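I opened my notebook to jot down a few things about this one. Here is what I looked up, entry by entry.

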Amino acid sequence: MRVLVAEDHERLARAVAAGLRRYGMIVDVALDGDDALARLGASRYDVVVLDRDLPGTHGDEICRALAAERSESRVLMLTAASSVRDRVEGLELGADDYLPKPFDFAELVARIRALGRRAVVPLPVMLEYGDLSLDPGRRVAVRAGRRLPLTPKELAVLECLLAADGRPVPAEELLERVWDEAADPFTSTVKTTIGRLRTKLGDPPVIHTVRESGYRIGEP
């Protein structure tokens with residue numbers, strides 16, 4: 001799941017991002033509304049954690065813009081205000097959910113996951129191919145009854161490939177969906193991760209390289 005955290009309190013934003021990454025999410029951070037809009041125009045996010053009182057372009061305006069363009073991104077609005085009226089206003093602007101500050105991090109994660117399940121094209125509860133299965137919610141992959149010792153990045157790559165249902169997934173798409181803004185697009189990161197994943201999945205091979213198209217799970 002790819003998440004944008006738009007929050008002007010840098011320490012809070014970095015802490016939230018670091019915590020979400022530990023749950024296997026791919027997270028970018030925007031510290032003002034203008035940067036948030038730029039990122040939303042350049043990348044697709046499953047969930048936007050949006051502080052309502054952002055400097056630059058206000059959070060309300062970002063929420064209105066996403067609603068007007070029928071964006072696929074789900075919006076979880078954050079605010080220090082916690083009255084019923086504030087919550088109603090946030091939802092009427094087009095937010096999908098609303099969480100007052102201060103919040104419990106476990107609740108934040110649960111709400112983000114719930115919004116991810118409400119995506120336009122939601123992932124099934126379980127992703128499977130042959131004797132290989134992956135539970136996106138529990139972040140567990142199993143092959144032939146054996147739990148696989150995958151890193152968060154390897155799990156995320158496997159999830160993308162299984163969700164593609166046999167479609168070749170270009171390396172560029174994997175880089176965008178699995179790695180955050182700090183990733184260097186000119187490195188061999190994707191190729192290296194695919195190599196490690198193939199080794200851990202074992203035989204017979206299920207990940208195949210499709211020339212000039214990327215990687216796919218299925219028959220050669």
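This is a predicted model: local features need pLDDT of at least 70, side-chain atom pairs count only at pLDDT 80 or more; totals for chains, interfaces and linings use all residues.

**Helix 6**

Next I asked myself which residues of helix 6 are buried. I found Glu 154, Leu 155, Ala 156, Val 157, Leu 158, Glu 159, Leu 161 and Leu 162. I wrote a reminder beside that list: an α-helix has 3.6 residues a turn, so residues three or four places apart point the same way.

I traced an open sheet of four strands in the order 6-7-8-9, with antiparallel pairing. Which strands are at the edges? They are strand 6 (127–129) and strand 9, and each of them pairs on one side only.

I zoomed in on strand 6 and strand 7 (residues 132–135), which run antiparallel and are joined by three bridges. Here I spotted Glu 128 standing opposite Ser 133 of strand 7.

**Positive phi outside glycine**

Arg 70 is not a glycine, yet its phi is positive at about 55°. I located Arg 70 in the loop between helix 3 (59–68) and strand 4 (74–79). Is Arg 70 buried or exposed? I read a relative accessible area of 75%, and exposed means over 50%, so Arg 70 counts as exposed.

Ala 144 is another non-glycine residue with a positive phi, near 50°. I found Ala 144 in the loop between strand 8 (140–143) and strand 9 (146–147). Its relative accessible area is 62%, so I put Ala 144 down as exposed too.

**Cis peptide bonds**

Where did I find cis peptide bonds? One joins Lys 101 and Pro 102, with omega about -10°. Pro 102 sits in the loop between strand 5 (97–100) and helix 5 (105–117).

Another cis bond joins Asp 203 and Pro 204, with omega about -5°. I placed Pro 204 in the loop between helix 8 (189–201) and strand 10 (207–210).

Notes: Residues are numbered from 1 along each chain as its sequence is written. Side-chain values use heavy atoms; hydrogens and water are left out. Helices (H or I, at least four residues) and strands (E, at least two) are DSSP runs, numbered from the N terminus. Buried means under 20% relative accessible area, exposed over 50%, partly exposed in between (1.4 Å probe, protein chains only). Two strands pair if DSSP finds at least two bridges between them.
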